[in-house]
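Dear colleague,

Please find below the structure that I am handing over to you. My notes on what was found in it follow.

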Amino acid sequence: MGAITKYYTDMTLQLDSQVVHAGRSDFSELGVHAPPIDLSSTYPIHDLSSATRALDGFVEGKQDPKNPIYARLYNPTVGRFEEAMSALELTESAVAFSSGMAALTACLLAARPVGQHVVAIRPLYGGSDHLISSDLLGMEVTWTDQDHVYEAIRKDTSLVILETPGNPTLSLIDIPYVVEQAGRVPVLVDSTFATPINQQPAEMGATMVLHSGTKYLGGHGDVVAGVVATSETWARKLRQVRVATGAILHPLAAFLLHRGLATLSVRIEKAQSTARILAQKIKEHPLVDRVYFPGFRECDPRELVGSQMRGPGCMIALELKGGHNVAASVMQHVKLMTPAVSLGSTDTLIQHPAGLTHRVMDPETRESTGISESMLRISVGLENPDDLWADLEHAFETSSHTSAWQAEPVH
Ligand SMILES: *Cc1c(COP(=O)(O)O)cnc(C)c1O
């Protein structure tokens with residue numbers, strides 16, 4: 001069979017072409033059009049001495065696709081998704097994990113030899129906040145804001161951690177500004193809300209770019225995953241942790257993620273344009289106290305949308321007049337939107353951060369981070385904007401006429 005030339009490998013592709021083609025460099029050699037799913041848990045060893053050498057490499061975080069040996073060490077379906085992610089994030093490598101939290105855990109453990117102290121900027125996803133604040137990994141954390149990172153850094157600081165846009169308030173952090181203050185300390189950016197379509201933090205000096213793949217990368221609400229795009233030096237440390245702790249990504253999940261990537265750009269474009277429409281309508285409704293959407297000038301004081309970010313994203317947070325019970329009522333009265341945690345799915349999701357995604361934080365810290373009892377967070381999906389607004393407006397009307405309007409928050 002004659003070799004099929006992949007012309008695009010010599011070309012500089014735009015992002016919306018990259019998402020379709022990245023991670024497919026071995027397809028013509030394999031003679032396939034869709035990524036094969038390799039479910040092997042172990043692999044035949046034909047040459048013991050080369051397998052032994054490969055194993056020594058795996059323990060040091062190196063890769064050897066020709067000698068996979070065992071599925072906790074290497075899997076080609078996962079490898080293709082990682083190759084795609086490194087292409088999209090403009091990094092040398094990417095390392096995939098069984099969840100976003102497994103990915104964050106690996107980053108903390110990989111950085112830890114320098115010291116147990118980390119500097120972090122709130123808000124973070126509630127689970128990330130909890131992992132860093134609790135004693136589970138024996139970390140010590142200094143919480144700060146983007147203007148005081150430099151002051152927070154100590155000799156034993158191993159990592160600076162931030163999320164932009166932040167979950168759930170969508171606050172934006174100036175990545176180069178933080179990187180500059182961090183100096184020698186590696187900066188981890190959780191870019192889950194932005195996706196590589198809207199933001200490529202490694203270009204701005206971030207050492208590690210983390211995604212909960214569960215969200216936009218998978219994009220269809222049917223896979224749990226995490227991935228870190230980074231330099232090969234850091235990728236080796238992360239793979240060492242992954243080999244040792246076992247938080248690997250399942251090949252079926254990797255297939256779904258890789259498939260999801262192909263439509264990432266069109267999904268973000270569509271959901272983002274709907275989010276703009278919806279955010280404006282929400283803002284004008286009398287039941288609404290405040291709307292958080294990076295596309296609004298007042299939510300982006302450093303003017304990062306258009307510079308650091310290509311677009312405002314597809315997430316909206318809002319605060320309702322009437323507190324917890326009105327927010328709860330709105331969430332329970334939508335019919336088209338799905339009342340559920342998570343984000344980045346094809347359907348629109350609505351949830352109550354204080355009661356759900358950020359429940360694990362202590363109540364005072366949560367309040368002071370701006371996550372109030374009257375807040376709802378919406379992950380805008382791919383439905384028609386008129387249908388979504390009709391649904392939400394109806395839930396607003398219904399909720400403004402319930403006794404909940406008068407009620408006090410329930411803790
Ligand atoms: C969901 C989420 C995580 C955790 O990811 P899982 O895949 O649920 O483990 C981390 N960061 C952000 C911003 C998230 O939204």
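**The five-stranded sheet**

An open sheet of five strands runs in the order β8-β9-β12-β11-β10, and its pairing is mixed. At its edges stand β8 (288-292) and β10 (338-339); each has a single partner strand, so one side of each is left without a neighbour in the sheet. Please bear in mind throughout that this is a predicted model.

β10 pairs with strand β11 (residues 349-351) in the parallel sense, over two bridges. Within this pairing, Pro339 stands opposite Ile350 in β11.

Two helices lie across this sheet. Helix α12 (residues 264-283) lies across β8, β9 (315-320) and β12 (375-379), and runs at about 10 degrees to β9. Helix α13 (residues 323-333) lies across β9, β10, β11 and β12, and its angle to β9 is about 135 degrees.

**The seven-stranded sheet**

A further open sheet is formed by seven strands in the order β1-β7-β6-β5-β4-β2-β3, again with mixed pairing. Here the edge positions belong to β1 (93-97) and β3 (140-144), each with a single partner strand, so one side of each is left without a neighbour in the sheet. On average, neighbouring strands of this sheet are turned by 20 degrees against each other, direction ignored.

Strand β4 (residues 157-163) and strand β5 (residues 187-190) are paired in the parallel sense over four bridges. In this pair, Glu163 stands opposite Asp190 in β5. Helix α5 (residues 100-111) packs on the sheet and touches β1, β2 (117-121), β4, β5, β6 (208-212) and β7 (226-230); the direction of helix α5 makes about 155 degrees with that of β6. Helix α6 (residues 126-133) lies across β2, β3 and β4, running at about 130 degrees to β3.

**The ligand and its surroundings**

Which residues are closest to the ligand? Of the 15 residues that surround the ligand, the closest are Met101, Asp190, Ser212, Thr214 and Lys215. Asp190 was mentioned above as the residue of β5 that stands opposite Glu163.

- A backbone N or O atom of Met101 lies 2.9 Å from an oxygen atom of the ligand.
- In the side chain of Ser212, an N or O atom is 2.8 Å from an oxygen atom of the ligand.
- In the side chain of Thr214, an N or O atom is 2.6 Å from an oxygen atom of the ligand.

The ligand taken alone exposes 380 Å², of which the protein buries 91%.

**Backbone features in the loops**

Where do the cis peptide bonds listed here occur? Another is the bond from Asn167 to Pro168, with omega near 10 degrees, and Pro168 is found in the loop between β4 and α8 (175-182).

Finally, Ile69 has phi near 65 degrees, a positive value in a residue other than glycine. The place of Ile69 is in the loop between α3 (48-59) and α4 (76-89).

With kind regards

Terms used
Residues numbered from 1 in each chain as written. Predicted model: local features only at pLDDT ≥ 70, side-chain atom pairs only at ≥ 80, totals over all residues. Heavy atoms only, no water. Near = heavy atom within 4 Å. Polar contact = N/O pair within 3.5 Å; in protein donor to acceptor, adjacent residues only side chain to side chain. Areas by Shrake-Rupley, 256 points an atom, 1.4 Å probe, with all protein chains shown as cover. Pairing = 2+ DSSP bridges. Contact = heavy atoms within 4.5 Å. Axes fitted to C-alpha atoms, helices over the stretch in contact; angles between N-to-C directions.
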